[in-house]
Amino acid sequence: NSAEKRQDMLSVHQINNAINNDLFILYKQNIVPLQKQKMGKHFEILLRMIDNHGNIVSPVSFFPIAERYQLSSKIDRWVLNAVYEYFDHHNDQIDTIDTVSINLSGHSLTDNDLEKFIIDKISESKLPPEKICFEITETAAITNTKRARLFMNNIKSLGCKFALDDFGSGHSSY
């Protein structure tokens, strides 16, 4: 238990370091249909962290700790800031895409400050809100249904979409 707690603290330090020093990296993964059909250009934003040795670390290794120590909203803020900043500087690419999917952590759905941050970003950005789809997990959506619904309705009223991620894999599906 003590060794695990020490490892968590080291990871918390690394996560905070990544947030403060831009040691996260974003990738885009194309979303393509399995069957031939006319479909626009859709992709999902994927997050990785760069560790102290320059290695790329999957979120599976750091995100559970980020959620446990309430850092996930800070990470979501970093991701959103990076995505919007990218498209503000590369607005020539906006017309070529139909949907950008961005994952939000479960904690973000109850973070009023993050909700305001998203609304401000949408209002200030050149990226049209109808091109944004926020993905939340099924588990996050049902953990605090009332607050999640309010959060989603407030963001959807600006034109964004929402999708359930990992549907059918959570405990709620049982």
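This tour moves through a predicted model one selection at a time.

**The whole chain**

Begin with the entire protein in cartoon view. The protein holds 6 helices and 6 strands, and from the N terminus its elements follow the order α-β-β-β-α-α-β-α-β-α-α-β. Of its 174 residues, 40% count as buried. Where contacts link residues at least 6 apart in sequence, 74% of them join residues at least 24 apart.

**Helix α2**

Next, select residues 59-68, which form helix α2. Display the side chains of F62, F63, I65 and A66, the residues that are buried here. Viewed down the axis of α2, these buried residues fall within an arc of 165 degrees, so they line one face of the helix.

**The nonpolar core and I75**

Now turn to the largest nonpolar core, which has 44 residues. Select I75 and F134, the two members that touch the most other members. Helix α3, residues 72-89, supplies the largest share of this core, with 7 residues. In soluble globular proteins, nonpolar side chains tend to be buried together.

Keep I75 selected and show what surrounds this residue. Beyond its neighbours within four places in sequence, I75 is in contact with I15, I19, F24, L47, F62, F63 and A66.

**K74**

Move to K74, which also lies in helix α3. Is K74 buried or partly exposed? Its relative accessibility is 44%, and K74 therefore counts as partly exposed. Once neighbours within four places in sequence are set aside, K74 is in contact with N16 and I19. Draw a distance from K74 to N16: the C-alpha atoms are 8.9 Å apart in space, although the residues are 58 apart in sequence.

**Helices α4 and α6**

Finally, select residues 112-124, helix α4, together with residues 145-156, helix α6. The two helices pack at an angle of about 15 degrees, and their axes are 10 Å apart. Because angles under 35 degrees count as roughly parallel, α4 is roughly parallel to α6. Their crossing is right-handed. To view the contact itself, show N112, E115, I118, I119 and I122 on α4, then R147, F151, N154 and I155 on α6.

Terms used
Residues numbered from 1 in each chain as written. Predicted model: local features only at pLDDT ≥ 70, side-chain atom pairs only at ≥ 80, totals over all residues. Heavy atoms only, no water. Buried < 20%, exposed > 50% of the residue type's maximum accessible area, 1.4 Å probe, protein only. Helix = DSSP H or I, 4+ residues; strand = E, 2+ residues; numbered from the N terminus. Arc of directions from axis to C-beta. Core = buried A, V, L, I, M, F, W, Y, C linked by side-chain atoms within 4.5 Å. Contact = heavy atoms within 4.5 Å. Axes fitted to C-alpha atoms, helices over the stretch in contact; angles between N-to-C directions. Parallel < 35°, antiparallel > 145°, perpendicular 65-115°, else oblique. Left-handed = near helix turned anticlockwise from the far one by under 90°.
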